[in-house]
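Good morning, and thank you for coming.

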Amino acid sequence: MELRVLQYFLAVSREQSISGAARVLHLTQPTLSRQLKELEQELNKQLLIRGNRTVTLTEEGMLLRKRAEEILHLAEKTRTEIRLSDKTVRGRVSIGAGETDGVRLIARSAVRLRKIWPQVYVDVISGDAGDVCERLDKGLLDFGILLGDIDRTKYRYMTLPAKDVWGILMRRDCALALRESVRPCDLWDLPLILSRQAERESSLYRWLQKEPAELNVVATYNLIYNASLMVDEGLGYAFALDKLINTTASRLCFCPLEPRLELTMSLVWKKDQVFSRAAEAFLHAVQQEQASELPVAD
């Protein structure tokens, strides 16, 4: 498959029309149709269902669209990195991260980095641990921020000084809001809202001392803001990480768990990763920022 033809295919999927894509690409419609037919013959699969005015993607076509976007992104990333001179540090550093206060360290590191290399910028891509690992494995990210245990057979890592603390996001008018902490038995019979990450965290269920089927889970989420709206409307009590929702002057409050449940935080990258100069400079900035936060011995 040629990159050029993949670009043609993506244009058709965006425009949902061969004639519309041909205009965008400055090609004749017969030329574009022939290229798409040859692509289908090469893959031995139908990719498009051609209607009178629009086209839709088959299941194989939807898979190719996803893969084509990844391939073209990686090709452009590689092209940019190779074109840069040895004396220049510029370009994008891509970082995958979930919703965590640890992104502050990334921001401080980026500020430190740009004071030296102002042509470097960071691209923070939000996603849960599964999304981040998938993108890392495909080479679409330079780094990821992961919480809890990591696969040390696949990734190199740097443990970050921050830790995320689990707790309950709830309305101030509920009985538990008067507590300084929340115990497992306090939640057994309450409607719970779990993050997708928490669903995969066996430590959470060990803390709760219950199996998932024994709990009253009414909703799940992957964005804490959406969870806060569900809590605000009275749907339930959300397991959440501290410092992500500003509860000042709101109907919500955050209460930590007892016993305390927290997650370590790591900056990770593939073991076989070949860094661009920008990524190397960023990693060095993170190391410097981390060292500056360590307590000074007496």
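**Charges, overall form and strand pairing**

Let me begin with charge. The protein chain carries 42 positive and 41 negative side chains, and the centres of these two sets are 6 Å apart. In this count Lys and Arg are positive and Asp and Glu negative, while His and the chain ends are not counted. Each charge is placed at NZ of Lys, CZ of Arg, CG of Asp or CD of Glu.

Some remarks on the source are needed here. This is a predicted model, in which local features need pLDDT of at least 70 and side-chain atom pairs count only at pLDDT 80 or more, whereas totals for chains, interfaces and linings use all residues. Residues are numbered from 1 along each chain as its sequence is written, and side-chain values use heavy atoms, with hydrogens and water left out.

Now the overall form. The protein chain contains ten helices and eleven strands; these are DSSP runs numbered from the N terminus, with at least four residues for helices (H or I) and at least two for strands (E). Its C-alpha atoms fill a box of roughly 70 × 55 × 40 Å along the principal axes. The protein chain exposes about 17,000 Å², of which carbon and sulfur atoms supply 49%. Such areas come from the Shrake-Rupley method with a 1.4 Å probe, and for residues only the protein chains shown count as cover.

How many of the 298 residues are buried, as a percentage? The share is 44%. Buried means under 20% relative accessible area, exposed means over 50%, and partly exposed lies in between (1.4 Å probe, protein chains only). As for contacts, meaning heavy atoms within 4.5 Å, consider those between residues at least 6 apart in sequence: 74% of them join residues at least 24 apart.

Next, the interior. In soluble globular proteins, nonpolar side chains tend to be buried together. The largest nonpolar core here has 46 residues, and Phe143, Met170, Leu187, Phe239 and Leu267 touch the most other members. Helix H10, residues 277–293, gives the largest share of this core, with seven residues. Another core, of 20 residues, lies apart from it and includes Val5, Leu32, Leu39 and Ala68. By nonpolar core I mean a set of buried Ala, Val, Leu, Ile, Met, Phe, Trp, Tyr and Cys residues joined through side-chain atoms within 4.5 Å.

Please look now at strand E9, residues 237–241. Why is E9 described as largely enclosed by the rest of the structure? The reason is that five of its five residues are buried. Tyr237, Phe239 and Leu241 are buried on one side of E9, and Ala238 and Ala240 are buried on the other.

Which strands pair with E9? Two strands are said to pair if DSSP finds at least two bridges between them. Strand E6, residues 155–171, runs antiparallel to E9 and is joined to it by four bridges. Within this pairing, Leu169 has Ala238 as its bridge partner, and Ile168 stands opposite Phe239. Strand E7, residues 192–195, pairs with E9 in the parallel sense over two bridges; here Ile193 stands opposite Ala238.

Nine bridges join E6 to E11 in an antiparallel arrangement, with Ser266 of E11 as the bridge partner of Thr159. E6 also pairs with E10, again in the antiparallel sense, over five bridges, and Gly167 has Pro256 of E10 as its partner.

The loop between strand E10 (252–256) and strand E11 (262–270) holds Pro259. A cis peptide bond joins Glu258 to Pro259, with omega about 5°.

Gln16 has a positive phi of about 55° and sits in the loop between helix H1 (3–15) and helix H2 (18–25). Gln16 counts as partly exposed, at 48% relative accessibility. His26 has a positive phi near 60° and lies in the loop between H2 and helix H3 (29–43). At 73% relative accessibility, His26 counts as exposed.

Is Val120 buried or exposed? Val120 is buried, with a relative accessible area of 1%. Its C-alpha atom is separated by 6.4 Å from that of Ala278, which is 158 residues away along the chain. Leaving aside neighbours within four places in sequence, Val120 is in contact with Val89, Arg90, Gly91, Val93, Leu113, Arg114 and Ala278.
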